[in-house]
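Please consult the sequence and the model shown below while reading.

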Amino acid sequence: MTKPSLPDLLHAAVTAVGGVERPGQVTMAEAVAEAIDDDSHLLVQAGTGTGKSLGYLVPALAHGERVVVATATLALQRQLVERDLPRTVEALHPLLRRRPEFAMLKGRSNYLCLHRLHEGVPQDDEDGLFDQFEAAAPTSKLGQDLLRMRDWADETETGDRDDLTPGVSDRAWSQVSVSSRECLGASKCAYGAECFAEMARERAKLADVVVTNHALLAIDAIEGAPVLPQHEVLIVDEAHELVSRVTGVATGELTPGQVNRAVRRAAKLVDEKAADALQTAAETFERLMELALPGRLEEIPEDLGYALMALRDAARRVITAIGSTRDKSVQDEDAVRKQALAAVESVHAVAERITHGSEYDVVWYERHDRFGASLRVAPLSVSGLLREKLFAERSVVLTSATLKLGGDFNGVGASLGLAPEGSGGEDLPQWKGMDVGSPFDYPKQGILYVARHLAIPGREGSRGDMMDELAELVEAAGGRTLGLFSSMRAAKAAAEELRGRLDNPILLQGEETLGELIKSFAADPETCLFGTLSLWQGVDVPGPGCQLVVMDRIPFPRPDDPLMSARQKAVEEAGGNGFMAVAATHAALLMAQGAGRLVRATGDRGVVAVLDPRLANARYGSYLRASLPDFWYTTDRNQVRRSLAAIDAAAKAEGK
């Protein structure tokens, strides 16, 4: 029997999901198949509406080797596992003569822990464990959530937090989950045979396609102990998010609260001398943190250096002591011991890392209004790590609607540890960049308007002219506005101002859950939704509900962001352009994601308005504009108001 052709397979899959074949999708599928066959690497930009998930799933399933698909958002993971994969597998089965298996795999703390649920949570200041169900008042929100989770544990097949609806708070979930460090291990746990996390791993080992998230991919790369099953192909969707997710996993943090928790958990399990040494080191660290001022520590101050060394040495001593003592009077001793060990090891690891002082790490203090001060350490760059761990032993396909910045893939490529396209030697992975376009006619469907006449936004302070401009645009659009702001403070200020000026309902991020806000926004065309740019990358509101997307300013990183400014400085010291490599790339990605909210379907029309004249006037403006969809471009404010009014009138005439 002849092998089915890729176009035939793609046609069957697209028909099964009720989609339409797009030329870009076919081009993408062929390029993915070629990269997999050649064992090479591909960066592919596929605009909204291309159908990119089928563009990579079909060639991956046809190939027949195990594939890992890593995504950034929960929404896409669900779409793949609940919709795209079941239908695609069903459609391809008659042609492939086999039925590929698929499974979802996440980090351990995403799964309900039966040991925690039945045996309780190790208590900080008493021996043994306490029953969190009795401790929480049944009338409280926490108590109600815990009781609901206990009932859910009897009926769930996955134990996956994301299958619990409605969801619960982080605090409630922490009562019934464990980190990989706290886990007793299946062989030592009374519930090992029924463990949800272990079952998910077993399913993944048998699957042809494993869907996971960027964080687990990062843990797999960083920690050295394989979490993901062996695989020949890696597909990274929403790849524009990968560097920040890997950086997040590779970031360490020390806070007085965390250190004190470790002290309390370990105190009952070790001799007095070891416990006292850790307690003293913790108190010294806490006193220093009370005086900590936010900002980067290019040199570790002497007093902090001594405090961290004391913490490291005392933690090491406690770790050794926990391993060599037993105390039968402690209830469920193994679990208590494991939790204490995890807490102390975490403190030891970060204190050791900062004390060791790698030139490739950035260390800084942070202050939070609610949680106080923390000491943080993050890698200056994750590009070397990604080059070495990601591209070495498998074919990698990275895809997103925004990978091509300023006209090429080299900016994103460099952040992933790749040399410029077409160059490369023995040790450098060879790769190809491809833009398969979009099914949308951007110049006809959208306008990019830059408010060139406004004042350049300053660091702080009110922007009266910007507020006037925003109010006029929203009014012309008849509502229908998604406002993307550079900070939560700016979003709040704009919401307050416009609630006083206009009759349109203004929804604000944080006043309701994200899902509820988006639902309300889509339901009423007169409504506006304001929030921060970084948190709105997944908003998908096709149709007349969103016809104006406003960005208050170019979203450069804050000048006092310790990690971004350190990265910028490092590029400059190596002879590069730090501003373009770090700040402009960061802004271009966010703006491309933000502008991508406007046109979500072939019938959509609207305006992306940027209320920052630098996009029109500054030297780097052309680089940022080249990173956005190819909308018709104008700086004429009257023209834009007329266009918005016409789009609003057309939507009203259609009764929308």
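Contact here means heavy atoms within 4.5 Å. The model is predicted, so that local features need pLDDT of at least 70 and side-chain atom pairs count only at pLDDT 80 or more, while totals for chains, interfaces and linings use all residues. Residues are numbered from 1 along each chain as its sequence is written, and side-chain values use heavy atoms, with hydrogens and water left out.

**Helix packing**

Helices (H or I, at least four residues) and strands (E, at least two) are DSSP runs numbered from the N terminus. Axes are lines fitted to C-alpha atoms, for helices over the stretch in contact, and angles run from 0 to 180 degrees between N-to-C directions.

| Helix pair | Angle | Axis separation |
|---|---|---|
| α1 (residues 6-16) and α4 (residues 74-96) | about 145° | 8 Å |
| α3 (residues 52-63) and α4 | about 45° | 11 Å |
| α10 (residues 214-222) and α11 (residues 242-249) | about 55° | 9 Å |

In α1, Asp8, Leu9, Ala12, Ala13 and Ala16 meet Arg87, Thr88, Ala91, Leu92, Leu95 and Leu96 of α4. This contact of α1 with α4 comprises eight nonpolar, one polar and two charged residues; Ala, Val, Leu, Ile, Met, Phe, Trp, Tyr, Cys and Pro count as nonpolar, Asp, Glu, Lys and Arg as charged, and the others, Gly among them, as polar. The crossing of α1 and α4 is right-handed, a term for the near helix being turned clockwise from the far one by less than a right angle.

By class, the contact of α3 with α4 holds eleven nonpolar, three polar and one charged residues.

Helices α10 and α11 are likewise oblique to each other. On the α10 side the contact is made by His214, Ala215, Leu217, Ala218, Ile219 and Ile222, and on the α11 side by Leu242, Arg245, Val246 and Val249.

**Cavities and pockets**

On a 1 Å grid over the protein atoms alone, a cavity is a set of points where a 1.4 Å probe fits but cannot get out, and a pocket is an open set with protein on both sides within 12 Å along at least five of seven lines; lining residues have an atom within 4 Å of a point. Grid points are joined across faces, edges and corners, and a volume is the space filled by probe spheres set on the points.

The whole structure contains two cavities of 30 Å³ or more. The largest cavity has a volume of about 260 Å³. Its lining has 24 residues, with Cys113, His115, Val178, Cys183 and Leu184 nearest the centre. Helix α5 contributes the most to this lining, with three residues.

The second largest pocket has about 410 Å³ of space. Among its 15 lining residues, Asp220, Gln230, Lys389, Glu393 and Arg394 lie nearest its centre. Both α10 and α16 (383-390) supply at least two residues each.

**Backbone features**

Most residues other than glycine have a negative phi, and most peptide bonds are trans. Asp39, in the loop between α2 (23-38) and β1 (41-45), has a positive phi of about 60° although it is not a glycine. A cis peptide bond with omega of about -5° joins Thr165 and Pro166.

Methods
Angles under 35 degrees count as roughly parallel, over 145 as roughly antiparallel, 65 to 115 as roughly perpendicular and the rest as oblique.
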